[in-house]
Amino acid sequence: MRIAILGREADTENYVKYIGSMGITPYVTQNAEEVACCDALLLPGGGDITPAFFGETNHGSRNIDTELDILQLQALNLAVYRELPVLGICKGMQIINVGFGGTLIQDMTLPNVKRHGYDHGDKHHASIIKEGSWLYHIYGSEIIVNSAHHQAIKKLGSGLSTVQYCPEDGCIEAISHQSLPIIGVQWHPERIEESISGISGLPVLAYFFSLIFASE
């Protein structure tokens, strides 16, 4: 099994260890075309997405890496074309949303918008999972998750469904595609602390692996 992580090696160590916990060494690349030689794609966390890619000017986005955004969107398009399983984590979920024509809230730290961590590390909070969803079958209806982001999905992309959300502010915290093996979480299963949240992030990875096995 070959899983591609589209990102820079210096920024993907946690994701390499995460996949490695299942006995698989992922392939970290910045070449979108190499995804065609893999069985699945993981889009990792990172900075903010270039606002022009969802039709807006910059009003709060930061730590932008436009070159990487382009490569990740190209990799997603290739994975969609080949119907490969995709897992997006944090920024990776937002890449999925933008790739399917969705938009983002550029700065959740503005007045009247709840904060989900970011500058000060992970923030743990309650989150609701929609009944019958892929995540519901793993964790049930409510869990504590670890968020570290100041952006969030505003308009869902075409074909995507909300799987999980924050009850405080309605922030979408997990998605899935209605017909393709594509899933995303806004939180960080690769580093969640079971001692704080009461859950492990490995079941998310196990479900992702089940999508890969089903597609072979």
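A residue is called buried when its relative accessible area is under 20%, exposed when that area is over 50%, and partly exposed in between (1.4 Å probe, protein chains only). The points below use these words throughout.

1. Basis of the note. The model is predicted: local features need pLDDT of at least 70, side-chain atom pairs count only at pLDDT 80 or more, and totals for chains, interfaces and linings use all residues. Residues are numbered from 1 along each chain as its sequence is written, and side-chain values use heavy atoms, with hydrogens and water left out.

2. Overall form. The protein chain has six helices and eleven strands; helices (H or I, at least four residues) and strands (E, at least two) are DSSP runs, numbered from the N terminus. The C-alpha trace spans about 45 × 40 × 30 Å along its principal axes. For 216 residues, a compact globule would have a radius of gyration near 17 Å, and the 16 Å of the protein chain agrees with this. That radius is taken over C-alpha atoms, and the globule rule is 2.2 Å times the number of residues to the power 0.38.

3. Of the 216 residues, 53% count as buried. A contact means heavy atoms within 4.5 Å. Among contacts between residues at least 6 apart in sequence, 67% join residues at least 24 apart.

4. Helix α6. This helix covers residues 202-215, which makes 14 residues, and reaches 20 Å from its first C-alpha to its last, close to the 20 Å expected at 1.5 Å a residue. The expected span is 1.5 Å times one less than the number of residues. Which residues of α6 are buried? They are V204, L205, F208, F209, L211 and I212. These residues cover an arc of only 150° around the axis, so they lie on the same side of α6; the arc is that of the directions from the helix axis to the C-beta atoms. Their packing partners are β1 (3-6), α1 (13-20), β3 (40-43), β4 (86-89), α4 (136-139) and β11 (182-185).

5. Aromatic pairs. The structure holds two aromatic pairs. Rings of Phe, Tyr and Trp (its six-membered ring) pair if their centres lie within 6.5 Å; planes under 30 degrees apart count as stacked, over 60 as edge-to-face and the rest as tilted. W134 and Y207 form a stacked pair, with 5.0 Å centre to centre and 20° between the planes. This pair links distant parts of the chain, since W134 is in the loop between β6 (123-129) and α4, while Y207 is in helix α6, 73 residues apart. W134 is buried, at a relative accessible area of 8%, whereas Y207 is partly exposed, at 27%.

6. A charge over a ring. R2 lies over the face of Y27, at 4.1 Å from the ring centre. The rule is that NZ of Lys or CZ of Arg is within 6 Å of the ring centre and within 35 degrees of the ring normal.

7. Strand β3 and L41. L41 is found in strand β3 and is buried, with a relative accessible area of 0%. L41 and R2 are 39 residues apart in sequence and 8.9 Å apart in space, C-alpha to C-alpha.

8. The loop between β3 and α2. P44 has its place in this loop and counts as buried at 3% relative accessibility. Beyond neighbours within four places in sequence, the contacts of P44 include I5, L6, T12, Y15 and Q72. The C-alpha atoms of P44 and H59, 15 residues apart along the chain, are separated by 23 Å. N63 is in the loop between β3 and α2 (66-82) and is exposed, with a relative accessible area of 57%.

9. Positive phi values. Most residues other than glycine have a negative phi. N63 has a positive phi near 50° and is not a glycine. C90, also not a glycine, has a positive phi of about 55°. C90 lies in the loop between β4 and α3 (91-99) and counts as buried at 6% relative accessibility.

10. Helix α3. Is this helix mostly covered or mostly exposed? α3 is mostly covered, with eight of its nine residues buried; among them are K91, M93, I95 and V98. G101 follows α3 and has a positive phi, near 90°.
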